[in-house]
Amino acid sequence: MSQITAHLITQSAATLRTYDFGQPTEVLEQIDSYIQSSFESADLRAVLRREMIAVLDSDASLAGKQFACEKLWILEGEAAPALVKLLTSPDVHLVEAACYA
């Protein structure tokens, strides 16, 4: 795998915003690989966390937001403001996803 950069993470997060159930999962696999490779780098983990929070704050689909919540659980850290928005959503699926994080 090539070196992971903040730019690559940001590009993948932008693609995640357009992802929906039933579509090819390459972007999900890419983000998973970035997370697995980021355990030695607090800076990359911070970028991943920031980008997953940005997905929650966007008009991403349920699939994209659900994936971002799952990854925030792994990445740990401060995501409360973005999660509060989901927890107060009238969409029960978004509430469930936020609980997972």
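**View 1. Salt bridge between E51 and R50.** The side chains of E51 and R50 form a salt bridge, with N and O 3.3 Å apart. A salt bridge here is a side-chain nitrogen of Lys or Arg within 4 Å of a carboxyl oxygen of Asp or Glu. E51 is buried at 8% relative accessibility, whereas R50 is partly exposed at 47%. Buried stands for under 20% relative accessible area, exposed for over 50%, and partly exposed for values in between (1.4 Å probe, protein chains only). R17 also belongs to this view, as R17, R50 and E51 are linked in a network of salt bridges. The count for the model comes to 4 salt bridges.

The model is predicted: local features need pLDDT of at least 70, side-chain atom pairs count only at pLDDT 80 or more, and totals for chains, interfaces and linings use all residues. Residues are numbered from 1 along each chain as its sequence is written, and side-chain values use heavy atoms, with hydrogens and water left out.

**View 2. Salt bridge between K71 and D32.** In the salt bridge of K71 with D32, the closest N and O atoms are 2.7 Å apart. This pair links distant parts of the chain: K71 lies in helix α4 (residues 62-75) and D32 in helix α2 (residues 26-37), 39 residues apart. Helices are DSSP runs (H or I, at least four residues), numbered from the N terminus. K71 is buried, with a relative accessible area of 9%, while D32 is partly exposed at 27%.

**View 3. Salt bridge between K85 and D57.** K85 and D57 form a salt bridge whose closest N and O atoms are 3.5 Å apart. Here too the pair links distant parts of the chain, 28 residues apart: K85 sits in helix α5 (residues 80-87), and D57 in the loop between α3 (42-56) and α4. K85 is exposed, with a relative accessible area of 54%; D57 is partly exposed, at 43%.

View 4. L94, A97 and A98 are the buried residues of helix α6 (residues 92-100). They lie on the same side of α6 because they cover an arc of only 100 degrees around the axis, taken from the directions from the helix axis to the C-beta atoms. These buried residues pack against α4 and α5 (contact: heavy atoms within 4.5 Å). The exposed residues V92, E96 and C99 are on the face turned away from the buried side of α6.

Terms used. Helix = DSSP H or I, 4+ residues; strand = E, 2+ residues; numbered from the N terminus.
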